[in-house]
Amino acid sequence: MIRPTRALLSLFATALLVAGCSNDSASNAPTAAPVSPDTASDAVTPSAATAPGPAAAPLYRELRDFLVACDNGRHCEAIGVADDARFGLTLRLSRGAGPDGAQRVRLGTYDGRMDPATLQLDGQASAPLRGLPWRSDTDTGALVLDDPAAIAELIARVRNGARLSSGAGNARAEVSLAGLAAALLLIDDHQQRLDTPEAWARPGERSAAAVPRAPSLPRLPPAPAPPPSLTGEEVRTFADRVRERQADALRARDCDAPRDAYDIRRHDDAHPLDADHVLVFVACYSGAYQTASMPFRVARADGAAEALVLPSPPGLDAVVAASGFTLLTNAGYVPATGTLSHLAKGRGLGDCGEAATWRYDGQAFHLASYAALRRCGGAAPGDWPSLWRTAD
């Protein structure tokens, strides 16, 4: 089994796999408020049917061998994936918000192409499953279903099963179905489509028009015009100055100190932020495939440095660490668009981890996107469910 590096273990407080975040920064906090998944009324006026739904908070919950991930647009996924470093099948059922939210099923492995002719349910060949209108994803080799009727048939046949498998002998891979029924029920509830004809877990006669439309997504403020680029000498000067003045803060985070055998300062970086400030990344830890850095906003005039705590999605305390986005992994910044990025792999394979982006508006950073997958079981590299997105 491949284990997380020391950098990750330090980042992942409370047993999380990757660097986390909190909602401590009130000025930068996303504005969407959590809502409860109350069942909508059957009475829907024409104007209500076309209006955006109520604001939604992200949702991430593990239910036995499945997890449910819904973003602030109420787009949801039920994902069945192992959590013990085995390379089994990954089963993903995704659905957009609203009465006509697009549906998709993907069944795949980390590094192999799927053949529907080998599908088995609980160890037995299943002609109905093999006969579904599967298509092969040209990039990943995963089996895909897009037709709602075919997806409904798949759910009906596997929801009470124990294991779905593909292949034979050493090439056999499987996914546990424990928790699938509960995951589908939670998605129906969260999207407020329980008892409607197209519900996944509990279909009924309630009008599909009662299902609320997708919420309006937040819009980001524009980025300022970027100032000129920094020279290599300026980058080194700003980074060294922050290291000197923030030595106590670096020690408090147990950051690695520069050593003769390995000078971690080689991973420091700086970028122009606005006319009065630069953005400095001071490397804290570095491992085989990623580096964690502390971000600072630094005044050009006197070098005064402010440690940044970047905003995170609301309502995800079980997913993100309590210490806040005060450390960024594989941090990057694009001055032309004001985009700050963070990408933390749970392990080098990239089958689990988190990714986030923020936009700078000249005063503060605003969350633009966040995706995370906490279970390391052979999902496609970087294919982590979205938990926050914006209209931009």
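Colleague: How many aromatic pairs does the structure hold?

Modeller: Rings of Phe, Tyr and Trp (its six-membered ring) pair if their centres lie within 6.5 Å; planes under 30 degrees apart count as stacked, over 60 as edge-to-face and the rest as tilted. The structure holds four such pairs. In one of them, the ring centres of Phe325 and Tyr370 are 6.4 Å apart and the planes stand at 70 degrees, so this pair is edge-to-face. Phe325 lies in the loop between β15 (305-307) and β16 (328-329), whereas Tyr370 belongs to strand β20 (residues 365-373), 45 residues apart. Strands (E, at least two residues) are DSSP runs, numbered from the N terminus. Ring pairs also join Phe325, Trp358 and Tyr370 into a cluster.

Colleague: Is Phe325 buried or exposed?

Modeller: Buried means under 20% relative accessible area and exposed over 50%, with partly exposed in between (1.4 Å probe, protein chains only). Phe325 has 0% relative accessibility and therefore counts as buried. Tyr370, at 1%, is buried as well.

Colleague: Which way do the residues of strand β4 point?

Modeller: In a regular strand the side chains alternate between the two faces of the sheet. In β4, Thr90, Arg92 and Ser94 point one way and Leu91, Leu93 and Arg95 the other way.

Colleague: What should I know about the origin of these values?

Modeller: This is a predicted model: local features need pLDDT of at least 70, side-chain atom pairs count only at pLDDT 80 or more, and totals for chains, interfaces and linings use all residues. Residues are numbered from 1 along each chain as its sequence is written, and side-chain values use heavy atoms, leaving out hydrogens and water.

Key. Helix = DSSP H or I, 4+ residues; strand = E, 2+ residues; numbered from the N terminus.
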